[in-house]
Amino acid sequence: SGRSNVGKIQYVNQAQLNVGAFRTSGIDVAVDYTMDMDSLFSGAEGTLNFNLLYSYLIDLEQDVVLPTGVNTTDFKGTSGASKHRWNSQLTYRNGPLTMSYSVRYIGKAEQFKGLTAIAPNYAMWNNIDRETYHDIQVRYRFGDSEQYEFFAGINNVFGNMPHFLPQSFGPVTGCNSMCDTYDPYGRFIQA
């Protein structure tokens with residue numbers, strides 16, 4: 001940048017540079033199957049749908065260019081980047097009625113990769129166990145042309161609480177956990 005003799009900035013000479021890289025690879029699988037209830041139970045009405053989304057993380061790396069060279073960080077297996085993740089949903093539909101049961105799974109992770117090996121005393125905060133959340137929901141449409149809808153649901157049915165991380169340990173500010181990945185509220189009832 002340039003300054004005049006009275007200290008005012010005259011111009012800024014700074015080019016934008018893309019000096020880093022972010023690489024990821026993995027396998028995603030999606031399964032979706034719908035069947036008539038009559039095929040399960042003779043005379044039953046409605047449909048049953050099963051949906052599964054599965055992700056297997058192979059690599060997640062970030063390069064940052066530093067004055068001393070390129071620093072590559074491997075994030076696979078850290079919070080928010082578990083090796084295994086899946087979501088599934090079972091939905092029953094019959095006219096204006098819809099009922100759903102969902103399961104969300106997040107595999108085990110570390111807050112900071114490799115910290116437990118060099119600082120075993122931090123293992124209780126660094127190692128995050130796998131987590132499974134269960135949700136249920138009921139919807140009912142009504143009115144002359146079904147223009148209204150009532151719904152009720154429970155997210156995190158079993159009230160799983162997130163892994164505790166001290167504020168100084170790097171979680172999202174004000175949360176004491178990784179609230180961008182794990183459910184910070186426990187059981188949540190909505191209608």
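Predicted model: local features only at pLDDT ≥ 70, side-chain atom pairs only at ≥ 80, totals over all residues.

Residues are numbered from 1 along each chain as its sequence is written, and side-chain values use heavy atoms, with hydrogens and water left out.

The protein has two helices and twelve strands, where helices (H or I, at least four residues) and strands (E, at least two) are DSSP runs numbered from the N terminus. Along the sequence these elements follow the pattern β-β-β-β-β-β-β-β-α-α-β-β-β-β.

Of the 191 residues, 25% are buried, a word that here means under 20% relative accessible area with a 1.4 Å probe, counting protein chains only. The accessible surface, computed by the Shrake-Rupley method with a 1.4 Å probe, comes to about 13,000 Å², and 55% of that surface belongs to carbon and sulfur atoms. If we take the contacts (heavy atoms within 4.5 Å) between residues at least 6 apart in sequence, 54% join residues at least 24 apart.

Strand 6 (residues 84-94) pairs with strand 4 (residues 47-66) in the antiparallel sense over ten bridges, and pairing requires that DSSP finds at least two bridges between two strands. In this pairing Leu 53 stands opposite Asn 87 of strand 6. Strand 6 is also joined by ten bridges to strand 7 (residues 97-106), again running antiparallel, and here Ser 88 has Val 103 in strand 7 as its bridge partner. Two residues lie between strand 6 and strand 7 in their hairpin, where Gly 95 takes a positive phi near 60°.

Definitions and conventions
Buried < 20%, exposed > 50% of the residue type's maximum accessible area, 1.4 Å probe, protein only.
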